[in-house]
Amino acid sequence: MTRTSPANRRYHRLVLPFSARTRTANLARMAEDRFDVLVIGGGITGVGIALDAASRGFSTALVEKDDFASGTSGRSSRLVHGGLRYLEHREFGLVRESLRERGILFRLAPHLVRPVPMYMLADDLRSRATYRVGLAAYELLAAGRNIGYHRSVTAAQVREAIPGLGGRSGGLAYFECQVDDARLTIEVARAAHGFGAVLANHARVTGLLGDGRVTGAVVADEMTGQQFEVRARVVVNAAGVWADRVTSLAGSGGSGGSGGSGGSGGGRLRPSKGVHLVFAPGAVQTTAALVTSSGAGDGRFVFIVPWEDRVYAGTTDSPYLGDLDHPAVDAVDRDYILAAVARSFPGVTERDVVASWAGLRPLLSQDEDLGDARTSDLSRNHAIFTEPPGLFTITGGKLTTYRAMAQDLVDRVAGALGDARPGRTRRIPLGLHGSVTAAVRLARAEVARLGLPPRTAARLVQRYGDDWAEATRLISDDRSLGEPVVATLPVLGVEVALARSREMALTDSDIYVRRTRLTTRDARLIPSAG
């Protein structure tokens, strides 16, 4: 019999299985049952909609053609933020909503959504005054949900926080939150599963059912090749940059419309590519995030952000017309970001880059012809389209506002179904009940009993919330799971085990790219398939 310590027993909660076996059972249910809502797309918006709908009591299914967070939701800047630069475009409503949602997410998932200090450097009084006015307005729009308040910082304070910075400069510091976007997506998916939603990754929609009205979808299991039909009263297209492709599956009824809330949105999607570079430990020496101008004279800023023992920097924002499934990091992208980093950290070169990622933003244009407009000028607001009948398409938006987007969409779906139940997601914890401090304190006792480094406790809580106890139980049963997957990295064997049993990881990419983020740390150190 497995021995469980008192600390582990005090914090033990039933771990919700979410595995390959769960997926097999879910696919069988999809083929047999008829649902109130079928969601297409397993990014943060799609799983957010599944959680919102299921928590209101609607029978809900969700299918994702690849893996949860395999697209935009796993390739963002990993920041939960209000969008300070949106003030330039006078998008006060979007900033207010984003700051509100930042506060809600910080409360619902404090182990995943964590504050990070952001430094903006300014040598002259005019620049400092401009930044101070902007930050004051920013904090006012937060309406009491501030993570922290801005303050002036001296050159000495900047040097202490950012020892690798070239030159001396004071400035201002304020706070945002950072998050592992893929882990947040997984936690929301698991919460939806806990409310009865039936989810499956690697399940591709190949057609939409119905004649004049969408009544479901044809789905192919990408692991077996088998196809089946899923019937639903309402179908939600939350496919992000692939939304137009999904809409086109409805035939002529899904390709028309003039946009706006009553149209289909066809042809209005303008994907924008965002690229990030990851630097080797010690190459970019900073303990705080730095907001710096790109250096390209385009008025944009680049974030340089510490992430555990590494630093990443981004992002670009350029129109994209290539393969939606495989956006690449090209030389132009790398040079753009490297130039910005090297301006602040002299001596950093391409040799210091150990990994990178490219993601696509599903932006919407108000005009059919984008002309010379930059994608950085397009709004990050979301839009909902309701044609053809039975199909609700949502696109646009940003990671930070996914919950509000989902609530807006499900409100409309509930109205269409004649059952206007209120949303509940403001009050649904995402993986952790109670405080991070209390969980880490208990985890430390268990980690010490197992003879693991003390830092392991915080790592397990910050990645698994309540299920840190399951992680330590598995290590207690098999001590090899407490060893690193790669000797030079902190990722433990238990994280691979939990990816399979707790997070529906099926492939090596599911595990190493999204669940454990080994590819983000160093693209050259990925373990062989196991």
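The structure is a predicted model, in which local features need pLDDT of at least 70 and side-chain atom pairs count only at pLDDT 80 or more, while totals for chains, interfaces and linings use all residues. Residues are numbered from 1 along each chain as its sequence is written, and side-chain values use heavy atoms, with hydrogens and water left out.

Strand β10 (residues 227-237) runs parallel to strand β1 (residues 34-40), to which six bridges join it; strands here are DSSP E runs of at least two residues, and helices are H or I runs of at least four, numbered from the N terminus. Two strands count as paired if DSSP finds at least two bridges between them. Ile40 has Asn237 in β10 as its bridge partner, and Asn237 also stands opposite Thr393 in β18. Strand β18 (residues 391-396) pairs with β10 in the parallel sense over three bridges.

With strand β9 (residues 216-221), the pairing of β10 is antiparallel and spans five bridges. Here Gly216 meets its bridge partner Arg231 in β10. The two strands, β9 and β10, form a hairpin with five residues between them, and Gly225 in the turn has a positive phi of about 85°.

Turning to the surface, Arg107, Arg145, Arg424, Arg426 and Arg427 gather in a patch of positive charge. Lys and Arg count as positive and Asp and Glu as negative, with His and the chain ends not counted; each charge is placed at NZ of Lys, CZ of Arg, CG of Asp or CD of Glu. Accessible areas come from the Shrake-Rupley method with a 1.4 Å probe, and for residues only the protein chains shown count as cover. Arg424 is found in the loop between α10 (402-416) and α11 (436-449). With a relative accessible area of 36%, Arg424 is partly exposed, a class lying between buried (under 20%) and exposed (over 50%).

Definitions and conventions
Patch = residues over 30% accessible without salt bridge, like charges linked within 9 Å, V, L, I, M, F, W, Y side chains within 5 Å. Salt bridge = Lys/Arg side-chain N within 4 Å of Asp/Glu carboxyl O. Buried < 20%, exposed > 50% of the residue type's maximum accessible area, 1.4 Å probe, protein only.
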